[in-house]
Amino acid sequence: MDRNLVLLDEVQTARQRDFEKKLKAIHESRGQTPLAMVDTFGCQQNVADSQNIMGMLEAMGCALTDDPAKADIVVLNTCAIRDHAEKRVFGTLGALTHTKKANPNQIICLSGCMAQRPEVAEKVRQSYRHVDLVFGPQAMWKFPELLYEVYTRHGRVFSVEDEHGHIAEGMPVVREGDIRAWVSIMYGCNNFCSYCIVPYVRGRERSRDADKIIAEVRELVAAGYKEITLLGQNVNSYGNDLHNGWNFARLLRAIDEIEGDYLIRFMSSQPKDASHELFDAMAECRHVAKQLHLPVQSGCDRVLRAMNRPYDREKYVELITYARKVMPELVLTSDVIIGFPGETEAEAMETVDLVKKTEFDALFTFIFSPRPGTPAAKMDDPVPRAEKQVWFDRLCEAQNEISARRHAAYVGRTLRVLMDGETDDVRWPLSARTEGGRLVHMVGEKSMLGTYQMVKITDSNTWALFGEVVR
C-alpha cells in the first residue's frame, strides 16, 4: 500500500484538533461541562482506541464518567469477533433508549469493528434510531469532525465506508492508570483466516514509523509506566510494508535500549511470521518479557488449511521448541477453536493431543462461532453444538490439569512481580503479575501498587498463584 495514502499529514491531523477546539467552544458556551462515557468491548486494540477517543473527548472540554444516565455523550467502542459480544452491544444500545428519553440531547455513538460491518450499520440505521453517530475503526481519527457534524447538522451521521485505513499520529490520549500502557505499532491484517472478520473491518496492515513508536515508549518509561504492551493484529509482520529494513525483532531491540525499570509485552502473534530471529531478540532483550501468546487454533493440519492458517502442526511445534530452547523460562499461551465447520471428533482430538504434548501454561478456548461475511460462515457445519461441547470439555479438562500442575511448580519459589491492582477478596486484597504474566493474589499494602516486589509463592490453583511479599 502506498505510504502516501496511509500516513495522514500534519494538515489533516491539525484539522481534527481544530474541530476539538470548536466543540470545546460550543460546550463552554453552554455554561456546563459535558460528561462523556466510553464503553469498550473486545480486545486490547479496542482499549487503546478507546483511550484515544477519551483523549479527543477531553480535548473537546468533556469530563469522563462511567454512568450512562449522567453522560451527555456515550460512545460504545465495539468488537465483531464473536456473536456474544455483538449481542451485548445491541442489548446496551437498547438500554440507552431510556437514557436518551431522560436526556433527549444525549448523543449516542457506535464505533469500532462491529460498526464497520455493513449489515450492522444498516440495522442501526433502521432499528436503533436513537443512535446519532456510527463510525468504524478507519474513521476514528476524524471523530471530532464527525461529532461536530452531528452537532451542526442536527441529524444522524454514518462514516462506515470501505476505506483502506490510515495512520494518524498525534491523537490525544487518556491512559487509564499509571502502571500499564498500550502502544499500537501497526493496524489492520492481511491474513484472512477463514473464520475471522478483522481484515474486513480493520483494513490492510499498516505499520507506524519506528521512530514514532520508540519516542512514545521513551515518554512512557520516563513517566514511570512499568509495563508497556505493543499492539497489532499481527505484530510479527511489523515492517513488511515499510521496505526500510525494520522488522519486529529489530524494533524490540531498539526499544530495549531505552534505559529504565520496565517490561515490554506484545500481542497478537501469528505463527506464520514468528521466527528464530524474533525469539533470539526476546531472549537477549532484558526488558522484553519471556512470555509468548502464539495462537495455534487447531492441532489438525486439514483443519488449519480450512482455516486458512498458513502453517502446519509440525511448523508450530518447531517454533515453540526453538523458543523454549533459547528461553527456558518462557511462559507460553495460545488460542484454540473447537468445532470448526467440517471438523470431526478425531480431528478435534488431534488438537487435544497437541495441547497435552505442548503443555501450554494457559489456553484461551472457544467453540466455533460463525461471523457473517467470512468464508467459514458459508461452510457446511453438520456437527451439533452439543457434540462440540463434549469435545470442548475434553480440551478444557486436559488444559486445566496442565495449568494446575504448572502453577503448582511455582510454589516455594520467590519471583519478582509487578503489584498492579486491588481485588474484592479481603483475604487477598492485592493482585500482581509475574514476568510471564501469571496472576498472583497477594496480601500487602496499597502503597505497593505500581512497584516491583519480590514475592514468595505459597499456594496455587488452576488459574492463579498466591503469595506474600518477602521482606
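The model is predicted, so local features need pLDDT of at least 70, side-chain atom pairs count only at pLDDT 80 or more, and totals for chains, interfaces and linings use all residues. Residues are numbered from 1 along each chain as its sequence is written, and side-chain values use heavy atoms, without hydrogens and water.

Strand 4 covers residues 107-112 (strands are DSSP runs of E with at least two residues, helices runs of H or I with at least four, numbered from the N terminus). Six of its six residues are buried, meaning under 20% relative accessible area with a 1.4 Å probe, protein chains only. Ile-107, Cys-109 and Ser-111 lie on one side of strand 4, and Ile-108, Leu-110 and Gly-112 on the other. Strand 3 (residues 73-78) runs parallel to strand 4 and is joined to it by six bridges. Leu-110 in strand 4 stands opposite Leu-76, and its bridge partner in strand 5 is Val-134.

Three bridges join strand 12 to strand 13 (residues 331-338), and Leu-292 has Leu-332 in strand 13 as its bridge partner.

The buried residues of helix 13 include Tyr-316 and Leu-319. They pack against helix 11, helix 12, strand 13 and helix 14, where contact means heavy atoms within 4.5 Å.

Conventions. Pairing = 2+ DSSP bridges. Buried < 20%, exposed > 50% of the residue type's maximum accessible area, 1.4 Å probe, protein only.
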